[in-house]
Amino acid sequence: MLQPVDRTGLEAPAVITTLPEAQPNRNTDVMIHRRIALLAAGSSIAAPALLRPAAAQAPAAAVPAQAPGFYRFRVGTLTVTVVHDGFFVFPNPTERFVRNATPPQVEEALRGGFLDAAGMRSPFNVTFIESPRGLIAFDVGTGGQLSPQAGTLVANMHAAGLDPARVNMVAFTHFHADHISGLTTAQNEVVFPNAEIVVPEAEWAFWMDDGAMSRAPEAVRGGFMNTHRRFGPYAARIRRLPPNAELMPGIASIATFGHTPGHTSYLVADGADQVLVMGDVTNRPEINLRHPDWHIVFDMDPATAVVTRRRLLDRVVADRIRTIGYHWPFPANGFVAKDGEGYRFAPADWSPVV
Ligand SMILES: [Zn+2]
């Protein structure tokens, strides 16, 4: 890497003297000239000697394996933070993930999206909004109790400066286990001690209906039991939100039934700026935006889910609304364009400035 330096020092100043032009400042000038003198005097031997101690001060163990999974952006004056809760690996998706497509069709979609056909990752992303009324969460992730690769929400929240005790409202899209289990720990202790819990009225009515539970197939019954268990400790502070209502000024609920009986999305607006917290109206964009008519195995009323999906996506396309998808790849937000019979995801550009 380090080329033998011209010992006359002529080559180094030729490169460095471009800097004082950018920062015309006497002190900088002096510094630059000192550096030039050092380079000229020490030549190629000085540089490696200066680099080595710095490298030795950074042992491998001190370097995080990955950056914390949170991403912020603004909607008007509001700050949105998407926080990653890890992922679940859906086994054998070509056979099991879509009810109304053949395994070769699903395999083609997976390959087209560069997804693993042996085990498809389903990421989990929780949205937080710092509003004038405090910190709001939309869903709460898995609580680390559903998949060995999931459960990073609380650690990533702390990394983002979002203390669970500071959350004063949790609004739910629906009650599937990957969205509500983070309400309590494995010992069923409360994780959000100061939060009002807002639930879509229709979703609450379904999952709290003992008749529906007794009629449900064995595989779905666990969902009812999980709902009772997670919401139990919060019973005194649950608010039921009617469809298409105002969660608070600037945040509207949109009835997006189909994935579950009361599935609800939230449109957050501030001034002319808006973002849609979509929930599970679509699963992964590579599968479910590309193929909006596919019946994902988790869609409880798949025909209604398709109608809802197309209606909401058409609105998102027409109004160019930035959208957050719970199962989209982190940081799980961007825009949607029409693409043939389906839709295409355009991730929002990453910005270091919030
Ligand atoms: Zn989900």
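Biologist: Is Phe175 buried or exposed?
Modeller: The model is predicted, and every value here is computed from it. A residue counts as buried under 20% relative accessible area. Phe175 has a relative accessible area of 1%, so Phe175 is buried.

Biologist: Which residue forms an edge-to-face aromatic pair with Phe175?
Modeller: The whole structure holds 17 aromatic pairs. In one of them the planes stand at 90° to each other, with 6.2 Å centre to centre, which is edge-to-face. The partner of Phe175 in that pair is Trp204.

Biologist: How many residues apart are Phe175 and Trp204?
Modeller: Phe175 sits in the loop between β5 (167–171) and α7, while Trp204 belongs to helix α8. The pair therefore links distant parts of the chain. Their separation is 29 residues.

Biologist: What is the relative accessibility of Trp204, and is it buried or exposed?
Modeller: The cut-off for buried is under 20%. Trp204 falls below that cut-off and counts as buried, at 13%.

Biologist: Which helix holds the residue that forms an edge-to-face aromatic pair with Trp204, 27 residues apart?
Modeller: Trp204 and Phe231 form an edge-to-face pair, 5.6 Å centre to centre with 80° between the planes. Phe231 counts as buried at 1% relative accessibility. This pair again links distant parts of the chain, from helix α8 to helix α10.

Biologist: What distance separates the end C-alpha atoms of α10, and what span should the helix have?
Modeller: Helix α10 covers residues 218–231, which is 14 residues. At 1.5 Å a residue, they should span 20 Å. The end C-alpha atoms agree with this, being apart by 21 Å.

Biologist: Within what arc do the buried residues of α10 fall?
Modeller: The buried residues are Phe224, Asn226, Thr227, Arg230 and Phe231. An α-helix has 3.6 residues a turn, so residues three or four places apart point the same way. Seen down the axis of α10, the buried residues line one face of the helix, because they fall within an arc of 165°.

Biologist: Which residues are exposed on the other side of α10, and what covers the buried ones?
Modeller: The cover over the buried residues includes α7 (177–180), β6 (196–200), α8 (201–207), α9 (210–215) and β7 (238–241). On the other side of α10, the exposed residues are Glu218 and Met225.

Biologist: Which side chain makes a polar contact with that of His179?
Modeller: His179 is found in helix α7 and is buried, with a relative accessible area of 0%. Among the residues touching His179 are Asp139, Asp280, Tyr326 and His327. The polar contact, at 3.5 Å, is with the side chain of His174.

Biologist: What distance separates the C-alpha atoms of Val75 and Ile129?
Modeller: Val75 is in strand β1 (residues 70–75) and counts as buried at 1% relative accessibility. Val75 touches residues including Val80, Val268 and Val275. Val75 and Ile129 are 54 residues apart along the chain, and their C-alpha atoms are separated by 9.4 Å.

Biologist: Which residue lies over the face of Phe73?
Modeller: A charge within 6 Å of the ring centre can count as sitting over a ring. Lys338 lies over the face of Tyr343, at 4.6 Å from the ring centre. Over the face of Phe73, at 3.7 Å from the ring centre, lies Arg322.

Methods
Residues numbered from 1 in each chain as written. Predicted model: local features only at pLDDT ≥ 70, side-chain atom pairs only at ≥ 80, totals over all residues. Heavy atoms only, no water. Helix = DSSP H or I, 4+ residues; strand = E, 2+ residues; numbered from the N terminus. Expected span 1.5 Å × (residues − 1). Buried < 20%, exposed > 50% of the residue type's maximum accessible area, 1.4 Å probe, protein only. Arc of directions from axis to C-beta. Contact = heavy atoms within 4.5 Å. Phe/Tyr/Trp six-rings, centres within 6.5 Å; stacked < 30°, edge-to-face > 60°. Lys NZ or Arg CZ within 6 Å of the ring centre and 35° of its normal. Polar contact = N/O pair within 3.5 Å; in protein donor to acceptor, adjacent residues only side chain to side chain.
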